[in-house]
Amino acid sequence: VTHSIPACIGSMTINSKQVDKESPVSIFAVNKCYETVQDGTFFDGSGFAALVREGYKVRSDVNITLEFRTTAVHGVLLGVSSAKVDAIGLEILHGKVLFHVNNGAGRITATYEPRGTNSLCDGKWHKLQANKSKHRISLIIDGNLVHTDNPYIQSTSADTNNPIYVGGYPADVKQNCLTSKSSFHGCLRNLALTKGQHTEVFDFSRAFDLRGVFPHSCPGAEH
């Protein structure tokens, strides 16, 4: 077993002596436990999760689904880029959700603007689906569809080869389809990327790099 247990551990004794959890010699990716816990992964607003070390190839089609819960009006949800301009990005900016795609000819954006500025950032769960099909892109938030016209109809493939960064990205990593540098603060769950008939569900505890991210432990109330 190479990954940590997604659980809470308490009242540990070794040779009848209580282990002091309050002043550990070193600590890594361990957070406090919550009295009420929901399914989901907690992002503390300082970091990111990195998935698919060898690089994710978006190419012509991808369908991204996830659920998010936040009280912050800014934050990166997901980004996949390349060394060139090709990329996709999902972010919350001023309480709106933006889905950006660049197939090489220029960035296009589908924007979901809720009625109230904070109505998506109300600490409740919201369902997101972002779809790229060749040059067409659309965004569905809580069942509300937004799509956008793409003037670059000849350009259909986002030739990405970088990891999937969720909730933020490292300072030295270029993201061609993200505007915000703010790490996501809140909880995410049920992240899946679908191509054709193949759906890949991502477990954050298997990410190759986690900073400020606590898999399978989402506080029941906003902390």
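Where does Asn103 lie? In this predicted model, Asn103 sits in the loop between strand 8 and strand 9. Its relative accessibility is 9%, so Asn103 counts as buried. The side chain of Asn103 reaches a backbone atom elsewhere in the chain: the oxygen of Lys134, at 3.4 Å.

Asn103 also takes part in lining a cavity. The structure holds one cavity of 30 Å³ or more. The space in the largest cavity comes to about 40 Å³. Which residues line the largest cavity? From the loop that holds Asn103, the account extends to Val101, Gly104, Ala105, Gly106 and Ile108, which are among the lining residues. Asn150, Tyr152 and Ser155 complete the lining. By class, four of the lining residues are nonpolar and five are polar. No charged residue is found in this lining.

Asn176 is placed in the loop between strand 13 and strand 14. Is Asn176 buried or exposed? Its relative accessibility is 17%, and the cut-off for buried is under 20%, so Asn176 counts as buried. Asn176 and His100 are 76 residues apart along the chain. Their C-alpha atoms are separated by 9.2 Å.

Strand 4 was considered next. Strand 4 covers residues 41-51. Eight of its eleven residues are buried, so strand 4 is largely enclosed by the rest of the structure. Which strands pair with strand 4? Strand 14 is one of them, and the two run in the antiparallel sense over four bridges. In this pairing, Asp44 stands opposite His185 of strand 14. Strand 16, residues 209-214, also pairs with strand 4 in the antiparallel sense. Five bridges join strand 4 and strand 16. Here the bridge partner of Phe42 is Phe214 in strand 16. Strand 13, residues 164-166, is another antiparallel partner, joined to strand 4 by three bridges. Ala50 stands opposite Tyr165 of strand 13. In a regular strand, side chains alternate between the two faces of the sheet.Strand 14 contributes to a pocket as well. The second largest pocket contains about 210 Å³ of space. Its lining is made up of 13 residues. Gly40, Thr41, Arg189, Asn190 and His216 lie nearest the centre of this pocket. Two elements give two or more residues to the lining: strand 3 (37-38) and strand 14 (185-195). Strand 14 gives the most, with three residues.

Charged pairs were then counted. Side chains of opposite charge can pair when their charged atoms come close. How many salt bridges does the count give? The count comes to four. One of them joins Glu113 and Lys96, with the closest N and O atoms 3.9 Å apart. Glu113 lies in the loop between strand 9 (107-112) and strand 10 (126-133), while Lys96 belongs to strand 8 (residues 96-102), so the pair ties together parts that are 17 residues apart in sequence. Glu113 is exposed, with a relative accessible area of 55%. Lys96 is partly exposed, at a relative accessible area of 28%.

Another salt bridge links Asp203 with Arg206. The closest N and O atoms of this pair are 3.2 Å apart. Is Arg206 buried or exposed? Arg206 has a relative accessible area of 54%, and the cut-off for exposed is over 50%, so Arg206 counts as exposed. Asp203, with a relative accessible area of 25%, is partly exposed.

Arg211 and Asp209 form a further salt bridge. Their closest N and O atoms are 2.9 Å apart. The relative accessibility of Arg211 is 44%, so Arg211 counts as partly exposed.

Technical notes. Residues numbered from 1 in each chain as written. Predicted model: local features only at pLDDT ≥ 70, side-chain atom pairs only at ≥ 80, totals over all residues. Heavy atoms only, no water. 1 Å grid on protein atoms, 1.4 Å probe; cavity = no way out; pocket = protein on both sides within 12 Å on 5 of 7 lines; lining within 4 Å. Points joined across faces, edges and corners; volume = space filled by probe spheres on them. Nonpolar A, V, L, I, M, F, W, Y, C, P; charged D, E, K, R; others polar. Salt bridge = Lys/Arg side-chain N within 4 Å of Asp/Glu carboxyl O. Buried < 20%, exposed > 50% of the residue type's maximum accessible area, 1.4 Å probe, protein only. Pairing = 2+ DSSP bridges. Polar contact = N/O pair within 3.5 Å; in protein donor to acceptor, adjacent residues only side chain to side chain.
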